[in-house]
Amino acid sequence: MDCEQAAVRPAAAAPACCRDELATRQAQKLEAVGRLAAGIAHEINTPIQFVGDNTHFLRDAFASLQRLLDAYAVLRDAAAAGQVAPSLLAAVHRAEAEADLAYLSEEIPRALEQVLEGVERVASIVRALKEFAHPARKERAPADLNQALQSTLTVARNELKYVAEVQTDFAPLPPVLCQIGDLNQVFLNLLVNAAHAIADQVGASGARGTITVRTRALGTQVEVAISDTGPGIPAAIRDRIFDPFFTTKAVGRGTGQGLALARAIVVEQHGGELTFESVEGAGTTFYVRLPVTGGAAASAQP
Amino acid sequence: MKRILFVDDEPRVLEGLQRLLRPQRHQWEMVFVPSGEAALAALAERPFDVIVSDMRMPGMDGATLLRTVQARYPEMVRIILSGYSELESSLRTLPVAHQFLSKPCEPQVLREVIERACALQALLGDAALRAAVAQLGELPARPQAYTALLRALEDPEVAMEDVARLVEQDLAISAKCLQLVNSAFFGLPRRVGTVQQAVRLLGLDMLKTLVCTAALFQTFAPRSGGPVAGLEGLQAHSLVAARLAARLLPDPARADEAFMAALLHDVGKLILATRSAAVARREGPAGAGAPPPGGWLAAATYAAEAGLPLVEAERAYLGVTHAEVGAYLLGLWGLPQPVLEAVAFHHRPEQVSSRAFDVLGAVHVADALASQALGASVSACGELDERYLDALGLRARWPEWRALAAEVAAAHAQEGEQLWR
């Protein structure tokens, strides 16, 4: 990750404050990856389990069908020779019964479909991971934010699905000049925060809330809105939530740096805005607004 | 037919299992449900023998489901099949599940685990055994310290210091733990004086084993302080067998289970020796030279004098064997399936359809080796099943194992370690 403020300075070395922030940001990213890794492994292990089970079933099913085909071949040869003994017919019937033909003809197509579905699930997770962990480049590049959000949702699916149903409402967006890897990090933070808020609200009741992700184009800006149906942010702490190290989460669940870094990435790095609306007892919406041209900070880059 | 309940919130996984296990439909009656709530409803309708559940599910999760099952249907075998493989170490010895399987799970492994679960369930759920155990009076509940520890360990972020503090609250159990930690098995370079140090050196998994073992021996330690009549050699036998069993298996996780199972394999003798007066035959078996009536001690003495296997005498006198009773108690305490199986079948390993030398095999062999090395007595009665050894192709290793047993027994004699005094 680079640091634009430092890049425009004549001095070669980044100031200490900037190095610290770089280190913090890197640590934050690693922490997010570590936390997600278990969930992603689960999302991959599940389809692999049923792909494997179905494939084993298909292998056994083929062996049964092969035995049946062998019986048919004998029958065909006998028919060609014009002498089909009743015992031969009986043997074919027996082979059909053993093969459990009615069951197989119903289940084989389904098993094949589900194998393909499982393979596609794994492939889409791997694709999303690749897109999410977009290598940090020095220069900005035009990116499709809808696609980036979709990838981030796939990567975070396991963090969200037990507490919330996720709804998306994506409007067509122009490409945005940005560092998409960093923005993915912001979206991930906001999504995980939303899931935590809902988890606090529903507790162990087993109920699920809703997380809504909307995008829209606003002239020279695009807007990403991430809403949760959690308890809302208490009025007393609303002006502190972007402060570094401010957190209401338990130790191990958050470091209090997520929103501070999100703001640094959106505002300082991309010349955008990060705001929120919250209603106690009803939920919170975070808005990320980004200039499609990459903002002032970008134009300052050499 | 054995009834098996599968629970998973992912319908594709259930369908896959259903197809995979269709060839077993003549041995097992299988029901597939998509949630913990649906599982409890199915259980309320008709009893099941085995439950195989996913861990993380929306609504009621696997741990909550299995805890409820444990409370309502303690005789069922509980298996977790989860995609969170990193949970395995923390869950392996949790009381909610007897066995932990990771997704993706090989079909042969899944089938074998379920088959073995059925065998264990058939033994522990046997009406005659349960009736006999019921006559022994109420079995000791899982000690508070052990339960509290297991509860604390369910939180994956729990601090080691907090866990150690929990254990330290029970002085008797911490003392026994430290005794075990300082035994030669662990080969620790210096004497460990606190549970905190023990946890740091051995990790939480081993702590669970130690606390459970300590709690068991604590529960059955005679109030008088002296050894139970007939069980004078039992401590030495159990300790030597435990150290041997752990050395027979290369996989450290299996070795830990073997250590625990061998340490506890004769716990049923403690139960019978202290409780069996109530079930003792009033009349000895009929016939010439018939043994005198009595409880476990009479059975053990008779077996030694007549040269009979102890388990046969136990069955004749009491209607149950120490292996079954021990496994039954440990099953109620929620110990993992490999440990239960090893305790239940340590005298007749051939009854379990396993093709591998695992925890059960190690305990069987270690029991026999320890009996030979220490000199067989009333309480140490391990006899080697040579056909079993041949079936696994392990006869060639016997001389090497005997040498190992002699070494461990000699080391033990020198240290004179004891589980209770």
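Guide: Let us begin with a definition: a polar contact is a pair of N or O atoms within 3.5 Å, and within protein one atom must be able to donate a hydrogen and the other to accept it. Please keep in mind that this is a predicted model.

Visitor: How many residue pairs are in polar contact across the interface of chain B and chain A?

Guide: The count takes in pairs in which both residues have a pLDDT of 80 or more. Under that rule, the number of residue pairs in polar contact across the interface of chain B and chain A is 12.

Visitor: Which element of chain B supplies the largest share of the side that touches chain A?

Guide: The side of chain B that touches chain A divides into 10 nonpolar, five polar and 11 charged residues. Eight residues of that side come from one element, which covers residues 11–20 of chain B. The element with the largest share is helix H1.

Visitor: How much area do chain B and chain A bury between them?

Guide: On the side of chain B, 26 residues are in contact with 27 residues of chain A. Of the area buried between the two chains, 51% lies on carbon and sulfur atoms. The total is about 2,300 Å².

Visitor: Which residues of chain B lose the most area to chain A?

Guide: Together, three residues account for 29% of what the side of chain B buries. They are B:Arg12, B:Arg19 and B:Arg22.

Visitor: Which residue of chain A meets B:Arg12 in a salt bridge?

Guide: Across the interface, the rule finds five salt bridges. In the one that involves the side chain of B:Arg12, the N to O distance is 2.7 Å. The partner in chain A is A:Glu117.

Visitor: Which residue is joined to B:Pro104 by a cis peptide bond?

Guide: Most peptide bonds are trans. B:Pro104 lies in the loop between strand S5 (99–102) and helix H5 (107–124) of chain B. The cis bond has an omega of about -5 degrees, and the residue joined to B:Pro104 is B:Lys103.

Visitor: What is the phi of A:Asp100?

Guide: A:Asp100 is in the loop between helix H3 (86–99) and helix H4 (101–132) of chain A. Most residues other than glycine have a negative phi. In A:Asp100, however, phi is positive, with a value near 60 degrees.

Visitor: What percentage of the residues in chain A are buried?

Guide: Chain A has eight helices and seven strands. A residue counts as buried under 20% relative accessible area. Of the 302 residues in chain A, the buried share is 45%.

Key. Residues numbered from 1 in each chain as written. Chains lettered and ligands numbered in written order. Predicted model: local features only at pLDDT ≥ 70, side-chain atom pairs only at ≥ 80, totals over all residues. Heavy atoms only, no water. Contact = heavy atoms within 4.5 Å. Buried area = accessible area lost by both parts, 1.4 Å probe. Salt bridge = Lys/Arg side-chain N within 4 Å of Asp/Glu carboxyl O. Polar contact = N/O pair within 3.5 Å; in protein donor to acceptor, adjacent residues only side chain to side chain. Helix = DSSP H or I, 4+ residues; strand = E, 2+ residues; numbered from the N terminus. Nonpolar A, V, L, I, M, F, W, Y, C, P; charged D, E, K, R; others polar. Buried < 20%, exposed > 50% of the residue type's maximum accessible area, 1.4 Å probe, protein only.
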